[in-house]
Amino acid sequence: MSNTYENFIDGKWTSSGKYYDIHNPADYDEIIGRFPLSEPRDTDAAVLAAHKAFLTWSRLLPMERAQYVERFVALLDEKTNYLGECLCMEQGKPLAEAVGEPSRGVKECRYVIGEATRLQGISLPSERQGVTNTVVREPIGVVAAITPWNFPLLTPLRKMIPALVAGCTVVLKPSSDTPWCSVLLLELIEKAGFPSGVVNLIIGRGSEIGDTLCGNPLVRGITFTGSTVVGRRINKIGAEHFVKVQLEMGGKNPAIVYDYADIKTAAKSIAAAAFANAGQRCTAVSRVLVKRQQAEELEQAIVAICKEYKLGPGLEKGTTIGPVVNKKAGDSIMGYIQKAREQGAYIAVGGNRLSGGVYDKGFYIEPTLITGVTADMSVAREEIFGPVLTVQRVDSFEEALEVANSSEYGLASCVFTDIQANIYTFMRESQSGMVHINHGSVSESFMPFGGIKMSGLGPFSIGTTNKDFFTNLKVIYNQYI
Ligand code: NAD
């Protein structure tokens, strides 16, 4: 008999009584738990609770708010192994990666706690005698935090914690595919003793409660991570209400390999960036643009690496790639591989869904390298969000850059080259929010994170840039004489 979980609204675990089941992606027969299928009225109740709590929470000293967060982070830190195991069961990634998520969260949160003392404004000399001119930061109000399934612990933390430190209150709406991780986080919020209504959790389908949440006039900021399609919809609703939006969306991240001597190292970095979390990362490298003369060596090196991955349930020792999150995602990925075949590309390694034994209990897709790819193919243009990497051969660095930039996305990009001039050109010309030179698309805990074009809008998250989203500026002229 599985557990039944609830929303967390105004300090109470509650729901309107309709539920759905979440299954383990490594074993579809195992039910992780029953979760509420919230309705618009539940969402309104959560927003109202956050609105009421804002009046007192926003007036605490930043250091007082930080003390609550410190208690929460200490609890999080104690539980990283347990949380990692739960995450693994709910989302499917290998245990080591799963445990890495709350651990990374702890690091990010600790940095953000320090931001409580760095919510600085500006002070400028006045044009008039007896006047001081200052600019201060104020929390924006109730924040709706909407998160995807691929990093179900880290993304809620990345939104909730900077919001709280800045003085905002929060309504968290996690992906309906991975609500358990958010329930576990809210249990820690409750244990840390946050006042009622400061953090609220609402679980349900985005298609049923998303518009109500984003359109509620008491919501003053929407921080969203997810697909570009949903981001666009949220942006329209936000614009109608003049609400701040922070959108982190899809990617089609390129890695250029051009005149780089150490092809083996490049292959290793690219494979790690492509196949971690079974390729279900917004910043996953998904297309390689390689100098024609270096292509064969690079392709062979990546093929060799792909053959070493061990697919299996995330909790099983030795697993390096878990199942993809669900059948719908698996079918979509397999559809892309099939289309690439039909369009004339070559599957250099992988390309199959595994079957037999444990593999029949989930959706396991081999790490796949597709070569002979041309710019017009779907796999070269669209976000696949699975363990699939493509290779396109190019004849000049300029051509590589042009193809890299031809995407409508602009999240992360990589270049592997020994030529200084190429490095400078890439740093300047690459159309993406995050640029990596001679390593894969791996971000760090204190560096701003975000994208441009169809990958992102609004201030970047993580690090110092968050306060540009979670605070408004107020300009104060004070005549003191
Ligand atoms: P998704 O857009 O389907 O869902 C994201 C969230 O939006 C979920 O909580 C969902 O319930 C909610 N939602 C759906 N419809 C809504 C609506 N009408 N109003 C409000 N909310 C709604 O994305 P997903 O499948 O969960 O995640 C995968 C996508 O997320 C990929 O495109 C990936 O690139 C992107 N992603 C981006 C980043 C980044 O930082 N740029 C990070 C992780 C994932």
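Reply: Start with polar contacts. A polar contact is a pair of N or O atoms within 3.5 Å; within protein, one must be able to donate a hydrogen and the other to accept it, and residues adjacent in sequence count only if both atoms are side-chain atoms. Here, a polar backbone atom of Thr147 sits 2.7 Å from an oxygen atom of the ligand. This is a predicted model: local features need pLDDT of at least 70, side-chain atom pairs count only at pLDDT 80 or more, and totals for chains, interfaces and linings use all residues. Residues are numbered from 1 along each chain as its sequence is written, and side-chain values use heavy atoms, with hydrogens and water left out.

Me: Which residues come nearest to the ligand?

Reply: A residue is near a molecule if one of its heavy atoms lies within 4 Å of it. There are 27 residues around the ligand, and Thr147, Lys173, Ser227, Met249 and Glu383 come nearest.

Me: How do the residues of the shell divide into nonpolar, polar and charged?

Reply: Ala, Val, Leu, Ile, Met, Phe, Trp, Tyr, Cys and Pro count as nonpolar; Asp, Glu, Lys and Arg as charged; the others, Gly among them, as polar. The shell has twelve nonpolar, ten polar and five charged residues.

Me: Which domains give residues to the shell?

Reply: Domain bounds come from an automatic or database domain assignment. The assignment gives domain 1 (3-249 + 455-479) and domain 2 (253-447). Each gives at least three residues to the shell around the ligand.

Me: How far apart are the centres of domain 1 and domain 2?

Reply: Taken over C-alpha atoms, the centres are 31 Å apart. Contact means heavy atoms within 4.5 Å. The contact takes 28 residues from domain 1 and 31 residues from domain 2.
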